[in-house]
Amino acid sequence: MDLVQPMPYTTFQAIVDAFNQKGGRNYHRGLHLTGFSDEVMGPYLAAGRDIHSPLTQGLVFQNGGAISRVAEDDTAAGNRAAPFMAHPIACWLTTAEDAYELDWVAKFSAAFAPATTGGTYLNFEPGTSHHDLLAGFGQDKYSRLVELKGRWDPTNLFRSNHNINPELAPAV
């Protein structure tokens, strides 16, 4: 598909919807990259040749533009200056394919290891550990979010997804 063109955000957001079948299984990542060099091209193409499910995709986004014009400290979303993002999306239909597809995401991610910033895009990340949160927000933003969560949601009502634990906030 041709993704190298201007398009409305809603079109971009829905571009892979047909691959996400009801009842299907999926696993994905969002890795911020410092660049897209020859060093990662070979392993990236090799990972592409290993795709098993016709629903699985290995995407690379070029960032920049409006994303990078927002100052790093203006929002909780981090890594805005990263020029690229690698986004493996493994989609499959049966539990018998679980191991293969999870391994494929690991191989795809490893292909980009030399070019990662160490940061992740939390909307594409399944992990919810403290380490995952730090990779998505960075330590300074995470500390600020803990403080805000302790002030505005001390009972942790909003705790789904990548939870910021208000119990880590300093006592007032």
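Reader: What makes the space of about 1500 Å³ a pocket?

Author: About 1500 Å³ of space lies in the largest pocket. On a 1 Å grid over the protein atoms alone, a pocket is an open set of points where a 1.4 Å probe fits, with protein on both sides within 12 Å along at least five of seven lines. The volume is the space filled by probe spheres set on the points, which are joined across faces, edges and corners. This is a predicted model: local features need pLDDT of at least 70, side-chain atom pairs count only at pLDDT 80 or more, and totals for chains, interfaces and linings use all residues. Residues are numbered from 1 along each chain as its sequence is written, and side-chain values use heavy atoms, with hydrogens and water left out.

Reader: Which residues of helix 4 are called buried, and why?

Author: They are Asp98, Glu101, Trp104, Val105, Phe108, Ser109 and Ala111; buried means under 20% relative accessible area (1.4 Å probe, protein chains only), so each of them falls under that cut-off.

Reader: How do you know where the buried residues of helix 4 lie around its axis?

Author: Seen down that axis, they fall within an arc of 160°, so they line one face of helix 4. The arc is that of the directions from the helix axis to the C-beta atoms.

Reader: What about the buried residues of helix 6?

Author: Lys141, Tyr142, Val146 and Lys149 are buried there.

Notes:
1 Å grid on protein atoms, 1.4 Å probe; cavity = no way out; pocket = protein on both sides within 12 Å on 5 of 7 lines; lining within 4 Å. Buried < 20%, exposed > 50% of the residue type's maximum accessible area, 1.4 Å probe, protein only. Helix = DSSP H or I, 4+ residues; strand = E, 2+ residues; numbered from the N terminus.
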